[in-house]
Amino acid sequence: PEINPAGGARIRDFIAAPQLDSPDEFLKRAMEFNPLRDPRILRRSLYYNLRQLASGKWTWKHDTRRAAEVQTEEMAAAGARRAEELWKAVPQIKCPTLVVRGVLSDVISDEQAEKFAGALPNGRLARVEKAGHNVQGDHPAGLLAVLQPFLEEIGL
């Protein structure tokens with residue numbers, strides 16, 4: 001329910017990218033945005049997330065208009081109300097829950113992740129080294145290393 005505004009803005013700025021000339025330009029931009037990613041895997045991911053326009057330029061398949069919106073006071077207030085609603089709902093999550101945080105994330109701090117995991121009735125926090133916000137893409141083996149014991153412990 002809570003993120004660091006600067007980290008969220010960095011992601012929004014990346015998503016709100018202008019149209020580019022080629023998928024390779026998107027790959028270059030994505031690697032500059034997150035150098036932890038394996039370029040081979042990232043190229044494949046981009047293949048499924050980009051589309052070519054009639055002009056020959058390339059863009060995201062998803063609608064980026066919301067990411068490009070300028071944050072107004074009204075939007076900030078609505079976001080604060082939504083976060084409050086989410087915090088109220090967290091204790092209702094009764095199943096075992098693993099909160100996974102990439103240690104290098106600028107989107108969620110250790111304190112925020114600890115607060116979230118602590119608010120869950122059956123929650124715990126796992127930290128993955130060498131990973132930012134996108135743990136599964138930044139360090140898949142590290143994600144597996146924390147998921148496997150958790151899943152075994154809860155009988156899955």
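I shall begin with the basis of the values and then turn to the features themselves.

This is a predicted model, in which local features need pLDDT of at least 70 and side-chain atom pairs count only at pLDDT 80 or more, while totals for chains, interfaces and linings use all residues. Residues are numbered from 1 along each chain as its sequence is written, and side-chain values use heavy atoms, with hydrogens and water left out.

Helices (H or I, at least four residues) and strands (E, at least two) are DSSP runs, numbered from the N terminus. Strand E3, residues 97–102, pairs with strand E4, residues 123–128, in the parallel sense over six bridges; pairing requires that DSSP finds at least two bridges between the strands. Within this pair, Leu98 stands opposite Arg124 in E4.

Next, the core. Which residues make up the largest nonpolar core? Its 11 residues are Phe14, Leu20, Phe26, Leu27, Ala30, Met31, Leu42, Leu46, Leu50, Trp58 and Trp60. Such a core is a set of buried Ala, Val, Leu, Ile, Met, Phe, Trp, Tyr and Cys residues joined through side-chain atoms within 4.5 Å, where buried means under 20% relative accessible area with a 1.4 Å probe, protein chains only. The elements giving two or more residues to this core are H2, H3 and strand E2 (58–60). H2 gives the most, with four residues.

Technical notes:
Buried < 20%, exposed > 50% of the residue type's maximum accessible area, 1.4 Å probe, protein only.
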